[in-house]
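Subject: Structure handover

Hello,

Please find the structure below. My notes on it follow.

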Amino acid sequence: MTACTQVIAKSRFRYVSPLTAKIFEEGRLTIYEAPTDKAEAEYVVHEIEKMVGGTSMFSHDSARVAKGKTAERGFGDIAVLYRLNSQKNALKEALERSGIPYEISGERSLEDEFLPAGNNSKYEERSEKIKLMTLHASKGLEFPVVFIVGCEENLLPLNLAGLRSDIEEERRLFYVGMTRAKEGLFLVSAKRRFIFGKPCFNASSIFLADIKEELKTYQERLSLPKKKKESSQLSLFDPI
């Protein structure tokens, strides 16, 4: 059985379509727990930079990406999925800091509105962006690589004050997210995150426990080197 099948097998329902995403091979299902939601977003950015061969000089200077590494993926190959729209804020900040282009499902930028329809080469270039979207919005889509962030209790399954959902529906939604991945799947969580402005400490999602251990690859916590100081004159302004 694959990881996705193991998750949906716990459901009372049996009408879910057969699994099409083959992410059960070694190294294709990665589990990562970050200390915070901001660290979770930085981890996603770090992994994306490795896949695309680096997006900035800082990627190479900080050893986040090896010099001369060739790109394995394009930005358009990657999607980041989340349960609540509010989760996108930390992701947007981390992506913008690294200069990674992204688009949010259902939202169009002002530049997109005025992009000439006949300028096909420019349109194709602009379409190469990381996709950010909710799990609900991902239905019917597929991507070579998928990150599902917020794989925690109270988010997946959703169980917050004023925001609760049937666990069977939540399980099917998580299954849908997993099967969006054709080749690589990352299930990411944070031990502490801010939800609607309040700090929350959540355990890993019960859905992760439904996946057999032999299918999981656990990645150790990321320790990112600090950016090199450009000049000793700037040292007074560097964060401690």
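Is Tyr43 buried or exposed? Tyr43 is buried, with a relative accessible area of 1%; buried means under 20% and exposed over 50%, with a 1.4 Å probe and protein chains only.

Residues are numbered from 1 along each chain as its sequence is written, and side-chain values use heavy atoms, leaving out hydrogens and water.

The count of aromatic pairs is three; rings of Phe, Tyr and Trp (its six-membered ring) pair if their centres lie within 6.5 Å, and planes under 30 degrees apart count as stacked, over 60 as edge-to-face and the rest as tilted. One of them joins Tyr32 and Tyr43, which are stacked because their ring centres are 3.8 Å apart and their planes at 10°. Tyr32 is buried too, with a relative accessible area of 3%. Phe174 and Phe207 also form a stacked pair, at 5.5 Å centre to centre and 20° between the planes. Both Phe174 and Phe207 are buried.

On confidence, the chain averages a pLDDT of 78, and 65% of the residues score at least 70. Over residues 13-21 the pLDDT is below 50, and over residues 227-240 it stays under 50. Where pLDDT is low, the predicted coordinates should not be read in detail.

Regards

Definitions and conventions:
This is a predicted model: local features need pLDDT of at least 70, side-chain atom pairs count only at pLDDT 80 or more; totals for chains, interfaces and linings use all residues. pLDDT is the predictor's confidence in each residue, from 0 to 100. Contact means heavy atoms within 4.5 Å.
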